[in-house]
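Here are my notes on this one, in numbered points. Have a look at the model first, then read on.

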Amino acid sequence: MAVELAPAESQALQVLTIVALAPLVSGFTAHVEARLQGRRGPRVLQVYYDLAKLFSKETLVPEDAGWVFVAGPIVAFACYLLVPLLIPVLTDFPLPLGYMGDIMGGGFILGLAGFSVALAAAETNAPYAQLGGSRAMTFGALIEPSILFVTFTVAIITGTDLPYFQAAASRASVAAALRPAHLLAVLAFFLVVLNDTARIPVESPASTTEFGMIDEGRTLEHSGPLFAVLRWGSSMKQLILYVILINVFTAPWGLAGSERIGSVLLAIPIFIGKAMAVGVIFAVIDNSFSKLRLFKITEFMAAAFLIAMLAVLVSILGGG
Amino acid sequence: MLAAVARPTTFRDVADALTLLVLLTEFAMLRSSLPRSQVRLYAFQSLAVTALAALVAARHGLGDLYVIAALTLVLKVVLVPWIILRVLRDAGTEVAGSHRLGVATMVLIALAVSIFGFFTIGSMPFHSSSLPTPALGLSVAEILVAFMIVVLRADVVSQAAGFFSLENGVSVVSLVVASGLPLVVETAFLFDLVVAVVVFGILMRVHHRRTDTLSTGVLDRLRG
């Protein structure tokens, strides 16, 4: 006998998957990265321990900081809770709230999250946090055209820009997934993910040099539970971007085709396995390239934009 | 890729992907700061052109094109890069980052230029029987980007590599427009390239002997 989940339950399960397992994927990636460098590295579950430790500490707020400092991380976390409703994390069919927003909508919510963290950083009056916040906003604006053009490509290929439709188009046939426009869009989006998850070549995730920091710099002044929320949020953002990369563009297989409880639950380990595989790829990239100088990051952005633009051109003139 | 070639439905996608690869390599040549890596990229681009020629030959059963593909492989993938790399090694100096503008700016300018080429050709009522139509627009875009390399790079090796890759773009155009050209004519084109390589090789050596550098930045002085 097959027990069916209510749509709302599957949807809640999508959010829960992201919330509960994002630190696992982050921890796994950090572990693999350390192993590749010949270090023993942190435990896979280290991120959970860190979060538990931070939640048990007190919150310190800088002298001049107001409520924005406290609200920023929480708003960002709420945004990251919202996005998994819109994207195919576990099921290959749209859940009731899945039509609430398209790729642009999800992008706006992620943008709001980044904005509120930057605002909290600006509130601190601490130079390094403000530096990080303003850099994150600048580079966020520079990478935005690439995201737009990837979305345009999706729109041209599928006639809509809902992530579920793009996933269905990628799943439809291998030939469709190997079309040049699709490959270019995937490549451009991959570069966008590299930027947005603060990986090499844009930023080195384990760096402690404030002058090289972009995303990491924003959180320097936060402590205790607020810092925990920020760290948890950034690992959720990473997993959300992995979802879009995997389940929308590259490998939308292994998703639950029905609401039977077994298939929805089975989709969780399959998805986490795929996310960890992507994590390994990112760890290898981290170890094979060096970080770009700050003023050379625009070259990286230009490359992403070039590829996204070509994807649109090829899909307009070549019919994909 | 071989499996994909066998299926007629994906011929178009593979051809598009190869043409795109030629264009993307051109952009990579524009970006890369070392002339040495530019020459390697040129060899890679020539390999893509060879694959494209072989693909068209296999698709349409053109025996002559196989010969052209083989000649392209020997000349452009092996011989020309080898000659330029030798000139570079003999010169013993390295010009790093001879960009006249910032890399991001150059890429954006080249992108605008290639979009112009793309849409100009795309608006022409032209249908090729040998390759999908976007290939023409893509290869014209590639030629324009190669022009940008010659314009925006200030060292002799980059300019020569830009010129040779321009010839690659012309080869792709000729594959689209006239893949059934007689063997003699095609071979004559390749011979042209050999002459160009010899001339450029001599020019590079002369330039290096006179100015002790590969950069063209010193050429605006009246006395060397």
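1. Ala198(A) is buried, because 21 other C-beta atoms sit within 10 Å; buried here means 20 or more other C-beta atoms within 10 Å of a residue's own, exposed means 12 or fewer, and partly exposed is in between, with C-beta atoms placed from the backbone. Its phi is positive, about 55°, although Ala198(A) is not a glycine. You'll find Ala198(A) in the loop between α8 and α9 of chain A.

2. Before going further, some bookkeeping. This is a predicted model, in which local features need pLDDT of at least 70 and side-chain atom pairs count only at pLDDT 80 or more, while totals for chains, interfaces and linings use all residues. Residues are numbered from 1 along each chain as its sequence is written, and chains are lettered from A and ligands numbered from 1 in the order in which they are written. Helices (H or I, at least four residues) and strands (E, at least two) are DSSP runs, numbered from the N terminus.

3. The loop between α8 and α9 (224-250) of chain A also holds Pro201(A). The peptide bond from Ile200(A) to Pro201(A) is cis, with omega near 10°. For background, most peptide bonds are trans, and most residues other than glycine have a negative phi.

4. Asn125(A) is another non-glycine residue with a positive phi, about 65°. Where does Asn125(A) sit? In the loop between α4 (103-123) and α5 (127-158) of chain A. Asn125(A) has 13 C-beta neighbours inside 10 Å, so it counts as partly exposed.

5. Helix α3 of chain A, residues 67-82, has 16 residues and reaches 22 Å from its first C-alpha to its last, close to the 22 Å expected at 1.5 Å a residue (the expected span is 1.5 Å times one less than the number of residues). Its buried residues are Phe69(A), Gly72(A), Pro73(A), Ala76(A), Phe77(A), Cys79(A) and Tyr80(A). They cover an arc of only 160° around the axis, so they are on the same side of α3(A); the arc is that of the directions from the helix axis to the C-beta atoms. The cover over these buried residues includes α4 and α9 of chain A.

6. On to the interface: 17 residues of chain A are in contact with 18 residues of chain B, where contact means C-beta atoms, placed from the backbone, within 7 Å. On the chain A side, α8 (180-196) and α11 (297-317) are the elements that give two or more residues. The largest share, eleven residues, comes from α11(A). By class, that side has 13 nonpolar, two polar and two charged residues (nonpolar: Ala, Val, Leu, Ile, Met, Phe, Trp, Tyr, Cys and Pro; charged: Asp, Glu, Lys and Arg; polar: the others, Gly among them).

7. Chain B has eight helices and zero strands. Its radius of gyration is 18 Å, close to the 17 Å that the globule rule gives for 224 residues, so chain B is as compact as a globular protein of that length (radius taken over C-alpha atoms; the rule is 2.2 Å times the number of residues to the power 0.38). Along its principal axes, the C-alpha trace of chain B spans about 60 × 35 × 30 Å.

8. In chain B, buried residues make up 44% of the 224. Of the contacts in chain B with a separation of 6 or more, 74% come from residues 24 or more positions apart. Helix α2 of chain B, residues 11-31, is mostly covered, with 18 of its 21 residues buried.

Key:
Contact = placed C-beta atoms within 7 Å.
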